[in-house]
Amino acid sequence: MTIPTRSIAIVDDDGRVLESLANLLASIGYRPYLFTSVADLLATDALSRVCCVITDREMPRMSGLDLLAHIGRSALSVPVIVITGQLSEDMESFYIRLGAAGFLRKPIDCDALCGLLQRCC
């Protein structure tokens, strides 16, 4: 399967968030690939084919932080946008220091997400 250049992997254990983000991204010209866990994403070659990853911060087994660390240790340079239902200034700066391209609170501000995606892809 060939994945278009403007493809984005979305990782979230909440199906409603996946569906909502997929619809938004498709409406602005991106091809979303949906994963309900970090393990599901890592079991594919999607990281080498997407221009960006959007991941939930907190999920069972492997978190968004685990994914960010995995990508940081790899030869891949895919930007990661972390999303969360709970946000503090300390949390945002923590993830940015670890290499996240952005950090957004749910519900997602569509304009902020679009701005981040324009920088990443």
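Biologist: How many helices and strands are there in the chain?

Modeller: The chain has five helices and five strands. Helices are DSSP runs of H or I with at least four residues, strands are runs of E with at least two, and both are numbered from the N terminus. From the N terminus on, the order is β-α-β-α-β-α-β-α-β-α. This is a predicted model, in which local features need pLDDT of at least 70 and side-chain atom pairs count only at pLDDT 80 or more, while totals for chains, interfaces and linings use all residues. Residues are numbered from 1 along each chain as its sequence is written, and side-chain values use heavy atoms, with hydrogens and water left out.

Biologist: What makes the radius of gyration of the chain agree with that of a compact globule?

Modeller: The radius is taken over C-alpha atoms, and the globule rule is 2.2 Å times the number of residues to the power 0.38. For 121 residues a compact globule would have a value near 14 Å; the chain has 13 Å, and therefore the two agree. The C-alpha trace spans about 40 × 30 × 25 Å along its principal axes.

Biologist: Why is R61 called exposed?

Modeller: Exposed means over 50% relative accessible area, buried under 20%, and partly exposed in between, with a 1.4 Å probe and protein chains only. R61 has 81%, so R61 is exposed. This residue lies in the loop between β3 (52–56) and α3 (64–73), and its phi is near 65°, a positive value in a residue other than glycine.

Biologist: What makes the peptide bond from K106 to P107 cis?

Modeller: Its omega is near -5°. P107 is located in the loop between β5 (102–105) and α5 (110–120).

Biologist: How many aromatic pairs does a search of the whole structure find?

Modeller: The search finds two. In one of them, the rings of F94 and Y95 have centres 5.3 Å apart and planes at 90°, so this pair is edge-to-face. Rings of Phe, Tyr and Trp (its six-membered ring) pair if their centres lie within 6.5 Å; planes under 30 degrees apart count as stacked, over 60 as edge-to-face and the rest as tilted. F94 and Y95 also belong to one aromatic cluster with F103.

Biologist: Why is Y95 called buried, and why does F94 count as partly exposed?

Modeller: Y95 has a relative accessible area of 5%, and is therefore buried. F94 has 33%, so F94 counts as partly exposed. Over the whole chain, buried residues make up 45% of the 121 residues.
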